[in-house]
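Trainee: Can you walk me through this one? I'm new to reading models.
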Amino acid sequence: MCRSSGDVNSAFFTVHTLGTVEALSLHSLCFPSRCLFHSLWCHNLFFSLLRSCAGEENWVDSRTVYIGHKEPPPGAEAYIPQRYPDNRIVSSKYTFWNFIPKNLFEQFRRIANFYFLVIFLVQLIIDTPTSPVTSGLPLFFVITVTAIKQGYEDWLRHKADCSLNECPVDVVQQEKVVRTQSHKLRVGDIVMVREDETFPCDLIFLSSSRDDGTCYVTTTSLDGESSHKTYYAVPDTMAFKTEQEVDSLHATIECEQPQPDLYKFVGRINIYKDKEEPVSRTLGAENLLLRGATLKNTQHIYAVAVYTGMETKMALNYQSKSQKRSAVEKSMNAFLIVYLFILISKAVINTVLKYAWQWSPDRDEPWYNHRTENERQRHVVIRAFTDFLAFMVLFNYIIPVSMYVTVEMQKFLGSYFITWDEEMFDEELGQGAQVNTSDLNEELGQVEYVFTDKTGTLTENNMEFIECCVDGNVYIPHAICNGQILSAASSIDMIDSSPGGKRIRDLFFRALCLCHTVQVKEEETVDGIKRGIHQGRPTSFYISSSPDEVALVEGMKRLGYTYLRLKDNYMEILNKDDEIERFELLHVLNFDSVRRRMSVIVKSISEYLMFCKGADSSIFPRVVSGKVEQVKAHVEQNAVEGLRTLCVAYRRLSESEYQEACHYLTEAKLALQDREQRLAQAYDVIERDFVLLGATAVEDRLQEKAADTIESLHKAGIKVWVLTGDKMETAAATCYASKLFRRSTQILELTKKRTKEQSLHDVLFELNRTVLRQRSISGLSVDCLDFGLIIDGATLSAVLKPSQEVSGHGNYREIFLEICRNCSAVLCCRMAPLQKAQIVKLIKSSKEHPITLAVGDGANDVSMILEAHVGIGIMGKEGRQAARNSDYAIPKFKHLKKMLLVHGHYYYIRIAELVQYFFYKNVCFIFPQFLYQFFCGFSQQPLYDTAYLTLYNISFTSLPILLYSLVEQHVTIDTLKREPSLYRDIAKNSLLRWPVFLYWTCLGVFDAVIFFFGAYFLFDNTTFTSNGQMFGNWTFGTLIFTVLVFTVTLKATKCLGLGFVIWGSLLFYVIFSLLWGGIVWPFLNYQRMYYVFMQMLSSGPAWLSIILLITVSLLPDVIKKVLCRAICPTATERAQVRKRFLKIDLKFYLC
Amino acid sequence: MMASSYKDEDGHITVSGSGAAAGAGGGSLRSKKPENTAFKQQRLPAWQPILTAGTVLPAFFIIGLMFIPIGIGLYVTSNNIKEFEVDYTGVEMSSPCFTCSQNFSWNSTKPCTCSVPFHLDQPYESNVFMYYGLSNFYQNHRRYVKSRDDSQLNGNEESLRKPSKECEPYAKHNNKPIAPCGAIANSMFNDSLELIYIDPNGTKVQIPLTATGIAWWTDKHVKFRNPGAENTNLTVVFQGTTRPVNWRRPVFQLDSDPDNNGFINEDFIVWMRTAALPTFRKLYRIIQRRSNVHPTLPRGNYSLEVVYNYPVRSFEGRKRMILSTISWMGGKNPFLGIAYVSVGSVCFLLGVLLLIIHHKYGNRNNAAEISH
């Protein structure tokens, strides 16, 4: 049964692989999510298909790689030919042939483009008032510009792909190194990579030129971490030094299908030796060299390709993140819908009126104006529908064609101001702020909640070892001992004497020297290091992914125990008597954020020892003896001082205990499925019955200006939440230091400690009552008392847990939110990464839908960065994962202030005015046409000439507002920085609320009425030339249009200094009009604009009325602004005035 | 009162990272470091008028003080213009043109004439412009506006033979192309108007009317051209075409003067410039001032002699004849003057209002500033 099912499996397996390959090649990098989805789907399908009969042994979601394409010896599993993609990287979207159709398709998927396409088609098909050019040309313009941009980008991608795919690679074939091109690599090829070369695909590391079978790699281009990471060769193959030896290897690799997770890999290598049972070894992420990483400090390595081309982890990681949409964009779309509605109702009204008006045939078809026979025969319903469409076409410009383009351009160009900002440049990192998406620029001005990580974000993540406590005695390394310089030896000896204490103390120091994953970075040869350290010359230094570990190891060095290196699985320590101690490293039980501890098992000469270090909460429950109380007290004291504490414990293992542990670990490590889970279980079993040794305290200093930043954010009305995995006391101390909590802040605690005493329900209600009472007492005076809330992870999950009773205690969630709403600062400690995201989500979906911002630096912050409306990554020490996944990346936490208060503020104001202005100017533009219908028998006669209709949005009015929206500064940068409270003025999308929108629309309608009736009364049955000649309808339209262009442009100028753009734009309009009317254009079949503009300008009253109408239409806005400012000025307006007074004062003093 | 404030004048430009950014990888570091230019650091000196009561106040007063005199001037000028209008549609029984309007038919060969007497109370001193006015006539109807062929009117021979599709249904008649084609040309105003001055002693003096100079110069000399530039014999040029259905004469017989015949006939050109609104007037003739001693049109009795060809009753239209003098600002139109005066006074009043507000709130704000 099972055998036959195995065959079925393999058949499916091939199909599955094929399917994936196809998916990968079809959808290129732009759709990685779909690829993933696809393979995921396949994966699930297979599981459900196979689970019925297949045993554990059948991992269908794995692949078998035959190293060097050699078949396994008979007797092993049947040879299943599998097809993998070649090593070609395709990041380009288009090919030469499919560019035009595919790009057009992509572009017309956007609703705005599609709308204009429909309008254009309607114009082509039916007889419409305006020629198809009027909407075709702008559309063509927009589409072409976008297509050129995308085409160029794609061409660059093609070029990049090409150079990548053609770079030379050394492959071992028939015992020789052969040079081929990268894209010819196949899965199973053995590749030789030299120093400083980049890995061409994902490789399993077989052997290295180094004796210990390691190599160093930097993954800068993958995740931005520049530190050297160590990778390990497969132990059985690391002896192979030459091509011949490597080529003689006969093995298969079984591993999972490609996954995008860079840090995860499970696989197994089976090595066949002559007629023996194959040897199996597990493979992990430490054996997998990733494409894109670079080999360092190693002459050459041999490795075998397992994932190629689009299946490499790098390629899979190029996924575009889910699109975040800003609040401005949402309101923009809402406004668009309103305008669409207005458009349709205008068309309907006009159609109805038209048919009502032309009821009598003499109006419908007076003798001077007959229809053609064709038209007459058309059915009245069709005619009405055509008329409706024609009205739609006539008024379609009310939906601003160029708004999307302008907004996008504004965002794209505007985001450069962030990258250009000198103040956000960090000399140390050599990097400035980084913009990963420009879609959210304006959202930076709308933030209401900031969720920040503590370590590395608020603090430096630059750890300094402060002290340690062994068995209740405190040791302080001399370097930091309050200026008293004591020798290492004396500082240790001065406290302690008892022999038992000495033993424990030595064990403690050894534990810290051994229990870590720190690497020694060598600058010179092995001897050099030894000498270097010995003589106190800093020729080597420690590297680790965790700065705490480095701090500890360095602290130990100052206390006399120096960790030298890991050599041949032996860790070497230079103890304080300058003797080298060697310990065999047997197992490392790696750190993870769930366990919050790590352990090593080492073998000294005689005994097996397990050392463990970790957070106090995860160590104390596992401790059986030692001076627990004393250490606990000390740890708490340290935590209050804001130090990071770790506890150290050990356990002596007997031979049998060791074997047992070994068994657990290897079993778990060899598992291909659920390895993580199994490992966790194994760790849990092994790590127990410890003897407590002591605790360490490491200081993590606050980042520069962190307190100032938080204070500013508070003043700006932003609520700051600190989410950390740290202990409550440590975190609270940091919060006080960073002024998140002030002395006056009343702290509300919602922690496990309290909920142990009372039920969660009672605590919540009590807190809620406190908050509410306070609010009712304080009434209007807001800042008399503020609350700070501290909550821990355990309580949080209890709060968020959906309550069992339907109506019993009510919803904790709501009460919790109610409390939070009244707290100016919240500290969440003991948070798991996912909980951080949960919190963000909770606030995001609360009933006010506030805009959230998450800032963090580590991989554990990624989930919340992705969850929040705006994610900001700090380019910190813990790698670049946060920065890569963020929307914006900044070097330091302090830059957040400028990011939000200055850039965010500007961007929001700019985009808001841009959007409102666009709607306004199109109402102004189209409403006169609507009014004109009442005077031309609803015949859809356009008021303006085709050229004007076409160019109004593209060129006459687009440039000033674009410039305005790029450089507008209503208040100076300094003022914004000095007065964070100005941020409140724009909170809650205040410039794009419905009343504001309505105001602008009404303003547009008012202006349109002024334009139209101004011209109407001027034209009313009289002449206004000095030679008695008359003007026609085109002059009428041109007059209105001229007033329109001037008014609309001047409205954008009102607060803008870049006069030359405004005047340039207006000049362009005038010159264009002169030119357009100055020549009988041979390509036009009508010459209706001939000399119209000039004739108009030759008339005095036309000038006078243009001036009058511009004045009148600008008047109400000015009056409104002045009155608002005088009667109830906003803080921003006050600041503007203050600034002026300051200037005057300054001048006064200078005089 | 300063109407503006300069933002951050120190727009000085320094070369970035000169020596300051030393250290590891200085080269790459320097290239990454953003330039310290006024533009990139958003420190462009920007002129920013802050709209406060104080700053706009002078502007309001200035606008008020400028607009009111202009308005008054315009109003006075407009009032000095003499204009006389006579409706000769013939809707009422008492109207002299009643019969003509009742008995209208397109194919009557005998023209119907009527004469409308009127009285001018004042003498018209300078050049007098004679207009005909139509109302309820939708010259701006879309179907009508586009029903023309500009290239035919520009003298294009090909378009003469093959009029544009836009001219339908007035493009061809009896399979012959219509010249000029289209609804506009077809419905050209064809009443002829004559002015007779009735001397106090009863003798009738015909007032001489000038038919040229009524169309835009550019229209007559550039936009409208007769086909066959060299050939002055229009009859030959227009051979093979037919006159518009409603016309009584072909286009080459519009006038005896070859410079005012065919497409460049000024009456025709004037008609071809479609009016903006359904009630409009068009320049018909100019009465030139002859001598400095006598007014162009002395006060007294006149008679308007109408050859009634143009039917308007079917669409409830009206026909008028207007006599008007012209100033530099055109005909009689009190609108502009009134508008100027009212906008000016509104501005002035607002200025006063703002002055009060400024006094009241401005002080309060300043006080608040000082207490800060």
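Mentor: Start with a term: buried means under 20% relative accessible area, exposed means over 50%, and partly exposed lies in between (1.4 Å probe, protein chains only). Helices (H or I, at least four residues) and strands (E, at least two) are DSSP runs, numbered from the N terminus.

Trainee: And where do the numbers come from?
Mentor: This is a predicted model: local features need pLDDT of at least 70, side-chain atom pairs count only at pLDDT 80 or more, and totals for chains, interfaces and linings use all residues. Residues are numbered from 1 along each chain as its sequence is written, chains are lettered from A and ligands numbered from 1 in the order in which they are written, and side-chain values use heavy atoms, with hydrogens and water left out.

Trainee: Which residues of α34(A) are buried?
Mentor: They are A:T946, A:A947, A:Y948, A:L949, A:T950, A:L951, A:Y952, A:N953, A:I954 and A:F956. That is 10 of the 11 residues of helix α34 (residues 946–956) of chain A, so the helix is largely enclosed by the rest of the structure.

Trainee: What about chain A overall?
Mentor: Chain A has 1151 residues, and 58% are buried. Its secondary structure comes to 42 helices and 34 strands.

Trainee: Is A:T406 buried or exposed?
Mentor: Buried, with a relative accessible area of 6%. A:T406 sits in helix α13 (residues 403–414) of chain A.

Trainee: What does A:T406 touch?
Mentor: Leaving out residues up to four places away in sequence, A:T406 touches A:L914, A:F918 and A:L962. Contact means heavy atoms within 4.5 Å.

Trainee: New topic. How do α28(A) and α30(A) pack?
Mentor: Helix α28 (residues 793–800) and helix α30 (residues 833–844), both of chain A, pack at about 45 degrees, with their axes 11 Å apart. Axes are lines fitted to C-alpha atoms, for helices over the stretch in contact, and angles run from 0 to 180 degrees between N-to-C directions.

Trainee: Which residues meet there?
Mentor: A:G793, A:L796, A:S797 and A:L800 in α28(A) meet A:Q835, A:Q838, A:I839 and A:L842 in α30(A).

Trainee: How confident is the model?
Mentor: It scores ipTM 0.90 and pTM 0.77. pLDDT is the predictor's confidence in each residue, from 0 to 100. Chain B has a mean pLDDT of 83, and 87% of its residues reach 70 or more.

Trainee: Where in chain B is the pLDDT below 50?
Mentor: One such stretch is residues 1–30 of chain B. Residues 367–372 of chain B are also below 50. Where pLDDT is low, the predicted coordinates should not be read in detail.
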